[in-house]
Amino acid sequence: MALETHIRLNARAGIAALTFAALAVLAPTREAAAATVFSVAGVDVAGVTPTVNAFRSALGSINPNVVGSFGTGRREINWDGVPDAFAAPNALPANFFNANSPRGVVFETPGSGFQVSASNASGQSQFANINPTYPSNFEPFSPQRLFTALNSNIVDVNFFVPGSVDAALTRGFGAVFSDVDLANTTSLTFFGNNNEFLGTFFVPEIAGDQTFSFLGVLFESPQVSRVRITSGNVSLGAGQFDPDVVVMDDFIFGEPSNTPLPAALPLFATGLGALGLLGWRRKRKQAA
């Protein structure tokens, strides 16, 4: 349940109550935030596309990949336009989708980096460069590239005003996954403006290979500063198949916008100023 804070003033409470209420808003105790979840698994693209499109519609129209924030709408990453120089066997720069192609995200991982799969023409598509059997496990949702962390199954997605170093918030994030076999393993964990926990949501599983799963989470307002993606329970590797190796395709997220000033901050500053003025007047009266 989302936290609601109510500020009430009366003649007796005065400035002291105003300042206390402002502090309460600045440092709330928060449960997992209220959110709408879009979730589906299917054996082919057609089986998951309606839910993916519903999430897209809920976020709004797609914006061009340019510097600056449009405030509303959405951005997407489908990896397919990544040039060969930044695709397998080469690494993808963590800030590629904020610097090279501005969409307002920068990646982090406890692993050694990131990789986008090679083109079909290379003969090493779908991470065959890591394991020659992976093309039989994974399938792209939007042909033809996929995405993974290297030496880790964790990716942190940090949001910025596109093309800048200014931290931003988004109201929703979703991703398509390929080959999610185990329940309650692949997940999205959301964090707020002060790194507070907003909730963990699990990606639906489905038996078989070359399958698709989608999870999108939509909040009532822009409040997400970071999303942690956990893909399966093991990273890709030369001999790694089990227990659950998972890769990612399309990322869909609300337009990253400027981190808003906490609503109580101006109120808090006003309260402190009023208290200072009140103290100054009392000192003058005592001095007189």
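Modeller: The chain has four helices and 14 strands. Both are DSSP runs numbered from the N terminus: helices are H or I with at least four residues, strands are E with at least two.

Colleague: Before we go on, what are the ground rules?
Modeller: This is a predicted model, where local features need pLDDT of at least 70 and side-chain atom pairs count only at pLDDT 80 or more, while totals for chains, interfaces and linings use all residues. Residues are numbered from 1 along each chain as its sequence is written, and side-chain values use heavy atoms, with hydrogens and water left out.

Colleague: What share of the residues counts as buried?
Modeller: 47% of the 288 residues. Buried means under 20% relative accessible area, with a 1.4 Å probe and protein chains only.

Colleague: And contacts between residues 24 or more positions apart, what do they account for?
Modeller: They make up 74% of the chain's contacts with a separation of 6 or more. A contact means heavy atoms within 4.5 Å.

Colleague: Switching to helix H2. How many residues does it have?
Modeller: H2 covers residues 45-59, so to speak 15 residues. From first C-alpha to last, H2 reaches 21 Å, close to the 21 Å expected. The expected span is 1.5 Å times one less than the number of residues.

Colleague: Which H2 residues are buried?
Modeller: Val48, Thr51, Val52, Phe55, Arg56 and Leu59. An α-helix has 3.6 residues a turn, so residues three or four places apart point the same way.

Colleague: What do those buried residues pack against?
Modeller: Strands E1 (35-42), E2 (74-77), E8 (172-178), E11 (212-219) and E13 (247-254).

Colleague: What comes just after H2?
Modeller: Glycine 60, with a positive phi of about 115 degrees.

Colleague: Now the open sheet. What's the strand order?
Modeller: E3-E6-E12-E9-E10, five strands with antiparallel pairing. Two strands pair if DSSP finds at least two bridges between them. Strands E3 (105-108) and E10 (197-202) are the edges, each pairing on one side only.

Colleague: How many bridges join E3 to E6?
Modeller: Four, and the two strands run antiparallel. E6 spans residues 154-159. Valine 106 has asparagine 158 in E6 as its bridge partner.

Colleague: Last one: serine 125. Where is it?
Modeller: Serine 125 is in the loop between strand E4 (113-116) and strand E5 (147-150).

Colleague: Buried or exposed?
Modeller: Serine 125 counts as buried, because its relative accessibility is 12%. Leaving out residues up to four places away in sequence, serine 125 touches Ala118, Ser119, Asn120 and Pro135.

Key. Buried < 20%, exposed > 50% of the residue type's maximum accessible area, 1.4 Å probe, protein only.
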